[in-house]
Amino acid sequence: MSGENPLKLARRAFTALVVAMVVAAGVSQRAAADIVVREAQRILAGEGYNPGGIDGIAGHATKSAVAAFQRDNDLPRSEEHTSELQSH
């Protein structure tokens, strides 16, 4: 294994997977965003955070869960899902 940060490796793998899914499915940009949000919601729920429903909509509960995840993991704060979150 290279000396590269495992978080960066996972982020790159996740991004490649999402891009491949989007290209293969021929989905629109909006649908691709929904896929990414839904996956972020699954990750958050799996980590013990409450993103509300796993519905692909970045509502208040999802934004609160993202903020809590970022705070708990010393990640830069934003109210959007980040690549660090996606690869966690």
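Let's start in the middle of things: the largest nonpolar core has 6 residues, namely Leu 44, Tyr 49, Ala 65, Val 66, Ala 68 and Phe 69. Helix H3 gives the largest share of this core, 4 residues. A nonpolar core here is a set of buried Ala, Val, Leu, Ile, Met, Phe, Trp, Tyr and Cys residues joined through side-chain atoms within 4.5 Å. Buried means under 20% relative accessible area, exposed means over 50%, and partly exposed lies in between (1.4 Å probe, protein chains only). In soluble globular proteins, nonpolar side chains tend to be buried together.

Before going on, a word about the model. It is predicted, so local features need pLDDT of at least 70 and side-chain atom pairs count only at pLDDT 80 or more, while totals for chains, interfaces and linings use all residues. Residues are numbered from 1 along each chain as its sequence is written, and side-chain values use heavy atoms, with hydrogens and water left out.

Now step back to the whole protein chain. Helices (H or I, at least four residues) and strands (E, at least two) are DSSP runs, numbered from the N terminus. Of the 88 residues in the protein chain, 30% are buried.

H3 covers residues 60–72, which is 13 residues, and reaches 18 Å from its first C-alpha to its last, close to the 18 Å expected at 1.5 Å a residue. That expected span is 1.5 Å times one less than the number of residues. Which residues of H3 are buried? They are Thr 62, Ala 65, Val 66, Ala 67, Ala 68, Phe 69 and Gln 70. Just after H3, Asp 74 takes a positive phi of about 50 degrees.

Finally, look for charged partners. A search of the whole structure finds 2 salt bridges, each being a side-chain nitrogen of Lys or Arg within 4 Å of a carboxyl oxygen of Asp or Glu. One joins Glu 39 to Arg 42, with the closest N and O atoms 3.2 Å apart. Both residues lie in helix H2 (residues 29–46), 3 residues apart, about one turn of the helix. An α-helix has 3.6 residues a turn, so residues three or four places apart point the same way. Glu 39 counts as partly exposed because its relative accessibility is 27%. Arg 71 forms a salt bridge with Asp 72, the closest N and O atoms being 3.5 Å apart. Arg 71 counts as exposed, at 55% relative accessibility, whereas Asp 72 is partly exposed at 44%.
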